[in-house]
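Take a look at the model below.

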Amino acid sequence: MNIPGDDFYTLVSAALKKRGEETLQRALYLALRESILCGRLQPGSRLSGSRTLAQQLSLSRNTVNAALEQLTLEGYLLRSRQGTRVAQLAQRDVALDLPEPAVTLARRVAQLPAPVARDTPVPAFTPGTPAINYFPLPLWRRLYDRVLREEGSALLGYGDPAGEPSLRSAIARHLAISRGIDCDASQIVITEGALEGVNLCTMLLSEPGDVVWVEDPGYAGAKSAFAKAGLTMAGMPVDEEGICWEGQQAPPPSFIFTSPSHQFPYGSVLSARRRLALLELAQRHNAWIIEDDYDSEFRYTGEPVPAMLGMVNNAPVVYLGTFSKTLFPSLRIGFMVLPPALAKAALPAIGALLRGGHRAEQRTLALFIEEGHYARHLAAMCRLYRKRYLQLREALDAELATAHRILAGEGGMHLTVSIEGIDDRRLVQQARAYQLAPAALSGYYLDARQGQTGLVLGYGNTSASQFAPGIRRIQRLITLQQGGKG
């Protein structure tokens, strides 16, 4: 049996002297573990007793014993009345530096759209970000403190997997008034944003290989969820009336994903004619419509557009909403409304798939809605965004000399500009150097090479003072790209 000699303990002593900020116990543990892994201490080697080892290394016996016990717990040493021995770890010495592993991602990863940069602070023209500096944070903090004061540690445990009952009831009442949706709390599931709602729909209602019709261009997050679930996506073009499937050659769908109240990124509203036709088509093919009610709260002309879920009885529609766009992104609270029969059938699965959490935040949001703060905040933001929308259009008229077309967009927090003959993805990369973050229109297509080029300009969290200089900079970049002088 091998017994380490004095040279070994000299090396360990040297390692202890170079321990840096590590405790002596941790430094001894690391030195012995490295010696075992690199083969300096062979399997079966016997170490000196803890008393002798402590003397050899000028350490306390407690320090030595603690390090040896940790190594024994992890399987590096074997301790018994006969002494401490090095365990047999493998048939050959274990190398501390393994070769870099070959990385092969799953095939479905190749279908995922490019990630969207989420910078802090938010650069100008970033789509999908609300005016977070206008959020009434002191009020929110008071409500949050009140929830903790009144309920305290009762909120620290798991909650209902479908979400806090008070929030689900508040959302049901809000939807009845604002969206014409007649539902009760039992039909509502609280999610971490709208994207988790899409994920839950695919988990509950689809099988790998099922066909889903998606708007093309459309919401990249939904495409990620469908790719992850192994669904086959069929892109449907979008025009002034919204998603357009008429005349398209596509297999019958199991899912239809649409944002009918304010299509992203075009901004068009799905016409009543197409809504009814889409509902009839879904019923005929036994398909489900996922209604992403994106930006429906911010409409600048006319009355709010009613949701598809409330148009006809027994509509095969799962409705998705989120507070990330109306309040602030890091809140990560969204919701889905299921038809009664689906809500009842999905209840056991919801309990298995979700865990109740963020209970204090959900209770705070319930108070925010019930006490009227949410409706007042939406009204204030709608006035702000309408003003910014008009100011951005003025800046585009004055500063964007390149031929362009502004797509429908009288609502929401973004404006889409179609510009032919540019490399919009390259332009977006160049713009980031100037703290500008518009999105490339072509990037929202299933095949970016086949899509229109242009820019999606978010104005929710961009002040009007940044519009003219920002558009001016974008015009210079376009001019340079097209071979002119900027």
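Predicted model: local features only at pLDDT ≥ 70, side-chain atom pairs only at ≥ 80, totals over all residues.

Tyr319 stands opposite Val337 in S11. Strand S10 covers residues 317–322, and strand S11 covers residues 334–337. The two strands pair in the antiparallel sense, over four bridges. What holds such strands together? Strands of a sheet pair through backbone hydrogen bonds, either parallel or antiparallel.

Now widen the view. S10 and S11 belong to an open sheet of eight strands. Read across the sheet, the order is S4-S11-S10-S9-S8-S5-S6-S7. The pairing is mixed. Strand S4 (188–191) and strand S7 (242–243) stand at the edges. Each has a single partner strand, so one side of each is left without a neighbour in the sheet.

Step back again, to the whole protein chain. It contains 14 helices and 15 strands. Why is the chain described as more spread out than a compact globule? Its radius of gyration is 30 Å, while the globule rule gives 23 Å for 486 residues. The value for the chain is well over the rule, so the chain is more spread out than a compact globule. The C-alpha atoms fill a box of roughly 85 × 60 × 50 Å, taken along the principal axes.

What about inside and outside? Of the 486 residues, 49% count as buried. The accessible surface of the chain comes to about 24300 Å². Carbon and sulfur atoms account for 51% of that surface. Take the contacts with a separation of 6 or more: 74% of them are between residues 24 or more positions apart.

Next, follow the charges. The structure holds 17 salt bridges. One of them joins Arg26 and Glu22, with the closest N and O atoms 4.0 Å apart. Arg26 is partly exposed, with a relative accessible area of 39%. Glu22 is partly exposed too, at 34%.

Which residues are linked in a network of salt bridges? They are Asp239, Glu241, Glu246, Arg273 and Arg274. Glu241 forms a salt bridge with Arg274, and their closest N and O atoms are 4.0 Å apart. This pair links distant parts of the chain. Glu241 sits in the loop between strand S6 (232–239) and S7, whereas Arg274 is in helix H9 (residues 272–284). The two are 33 residues apart. Glu241 counts as partly exposed, at 28% relative accessibility. Arg274 is buried, because its relative accessible area is 3% and buried means under 20%.

Glu246 and Arg273 form another salt bridge, with the closest N and O atoms 3.0 Å apart. Glu246 lies in the loop between S7 and strand S8 (255–258), and Arg273 lies in helix H9, so the pair ties together parts that are 27 residues apart in sequence. Both partners are partly exposed: Glu246 has a relative accessible area of 36%, and Arg273 has 48%.

Stay with helix H9 for a moment. Ala282 is found there. Is Ala282 buried or exposed? At 0% relative accessibility, Ala282 counts as buried. Leave aside its neighbours within four places in sequence, and Ala282 is in contact with Ile256, Ala287, Ile289 and Pro316. For a sense of scale, compare Ala282 with Thr402. They are 120 residues apart along the chain, and their C-alpha atoms are separated by 42 Å.

Move on to helix H11, residues 359–370, where Arg363 lies. Arg363 is buried, because its relative accessible area is 18% and the cut-off for buried is under 20%. Which residues does Arg363 contact, leaving aside its neighbours within four places in sequence? They are Val147, Glu151, Leu155, Glu164 and Ser166.

Finish on the outside. Val103, Leu105, Val109 and Leu112 form a nonpolar patch on the surface. Together they have about 360 Å² of accessible area. Val103 is found in the loop between strand S3 (83–86) and helix H5 (137–151). Val103 counts as exposed because its relative accessible area is 66%, and exposed means over 50%.

Terms used: Residues numbered from 1 in each chain as written. Heavy atoms only, no water. Patch = residues over 30% accessible without salt bridge, like charges linked within 9 Å, V, L, I, M, F, W, Y side chains within 5 Å. Areas by Shrake-Rupley, 256 points an atom, 1.4 Å probe, with all protein chains shown as cover. Salt bridge = Lys/Arg side-chain N within 4 Å of Asp/Glu carboxyl O. Buried < 20%, exposed > 50% of the residue type's maximum accessible area, 1.4 Å probe, protein only. Rg over C-alpha atoms; globule rule 2.2 N^0.38 Å. Contact = heavy atoms within 4.5 Å. Pairing = 2+ DSSP bridges.
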